[in-house]
Amino acid sequence: MNLHEYQTREILRRHGIPVPPDQVASTPEEAESAAAAIGGEVVIKAQVHAGGRGKAGGVKLANSPVGAREAAEQILGMQIKGLPVNKVLVAPAADITNEMYLGFILDRANKTVTLMASAAGGVDIEEVAERTPEKIVRAQADPVIGFQPYQARDVAYELGLSGRHVRQFADIAMRLYDVFLENDASLLEINPLAIVASGDLQALDAKMVVDDNSLFRHPELAAMEDHTQLAPSEVEAARAGITFIKLDGDIGCMVNGAGLAMATMDTVKLYGGEPANFLDIGGGASAEQVTAALNIILADPKVRAVLINIFGGITRCDVVARGILEGLSAVERRVPMVVRLVGTNEEEGRRILEGAQLPTASSLSEAAERVVRIARGEETPAPTPGA
Ligand code: GDP
Ligand code: MN
């Protein structure tokens, strides 16, 4: 789950990281009064779950409350990378001398939390990593004793800092590490971490991604989720308790169990097909879940055929079969489908589906081969039953 900049700034501030004060506005008028209250030059920033707002015109400076209103007028209602901007942040404009990058990531390759920093901050860090990887400094936290102050100081020296900048940088890095752990983040970054005219370090932009699997123990973070920043299919999937990841292919996959879903995608690829999605419908396969899953899959216009692969363990295949038929009758769009249904009561399940003219397969390879042929137009399937 992504947090907005203004939400992350508040969390960093609470942990003693120097972040300039700010106000959030949803209308140009609110931005105007925020700017008047702040006084002097202000920066107006789109609050949107996309990076590179600066380049996209989502960050503007204004000299007066009226200027702030005009800037907010332009930014509000903008779309950045397809996402709507519904709020702007208004903060005193910083007088920047130098922009650095500082972040922590969950580093799966090294099985720990890793600090990344660069003296070439402000810009897109992925670009720095690609073009000039030598400009990125890394330091791994020991999983047992945690990230240590001497590591933070080492990084500061490597970035070319000296004097009080080293102390300030190390202090910010240690606090940032605490925020990362405390919130079960998978990414937490300050970009730019700026040296401002007074000579102090300030966090001028902040981004945090929280591990979805930890949200149950962070209700206060879960409540911060901004649904306007999610694709409608993601919102629907989350509501129905379905794990859904959109991919680029044309074969929709509806599967129960994450492992089986992975195996299904592998098998589709083995037969030369391209999965349109990963979808784990969860333990059961009730009519409601099947309906939600099919709606999510079929919302993608690229999908030409759907492979339903259900293993009836605790859930009985006949119950699943009825769920599939009921679900099918509730969705609008029709594409050919192949169902592979095995497990408890599979004969009855298959009879129910065949009675409704829905093609079934008894093995995963048979089902995958067939759905790939159908998607390629090499086999004309029976019309999919529906309402
Ligand atoms: P991002 O493009 O989405 O990462 O948005 P940022 O908040 O990082 O802003 C992009 C760039 O705008 C920064 O790298 C700065 O160069 C500039 N910027 C942001 N805030 C200020 C500010 O308060 N004063 C000045 N002068 N520039 C700023
Ligand atoms: Mn930034």
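**Figure 1. Ligand 1 and the domains around it.** The shell around ligand 1 takes at least three residues from each of domain 1 (21–92) and domain 2 (96–222); domain bounds come from an automatic or database domain assignment. The model is predicted: local features need pLDDT of at least 70, side-chain atom pairs count only at pLDDT 80 or more, and totals for chains, interfaces and linings use all residues. Residues are numbered from 1 along each chain as its sequence is written, chains are lettered from A and ligands numbered from 1 in the order in which they are written, and side-chain values use heavy atoms, without hydrogens and water.

**Figure 2. Residues of the shell.** Of the 15 residues around ligand 1 (a heavy atom within 4 Å), those that come nearest are Lys-45, Arg-53, Gly-54, Ala-94 and Glu-99. Seven residues of the shell are nonpolar, four polar and four charged, with Gly counted as polar. Strand E2 (42–47), strand E3 (59–62), strand E7 (96–107) and strand E10 (185–196) each give two or more residues to the shell; strands are DSSP runs of at least two residues, numbered from the N terminus.

**Figure 3. Polar contacts of ligand 1.** Contacts here are pairs of N or O atoms within 3.5 Å. Oxygen atoms of ligand 1 lie 2.6 Å from a polar side-chain atom of Lys-45, 2.7 Å from a side-chain N or O atom of Arg-53 and 2.9 Å from a backbone N or O atom of Gly-54. On its own, ligand 1 has 560 Å² of accessible area (Shrake-Rupley method, 1.4 Å probe), of which the protein covers 79%.

**Figure 4. The domains of the chain.** The assignment gives domain 1 (21–92), domain 2 (96–222) and domain 3 (231–376). Between domain 2 and domain 3, the C-alpha centres are 42 Å apart.

Note on methods: Polar contact = N/O pair within 3.5 Å; in protein donor to acceptor, adjacent residues only side chain to side chain. Helix = DSSP H or I, 4+ residues; strand = E, 2+ residues; numbered from the N terminus.
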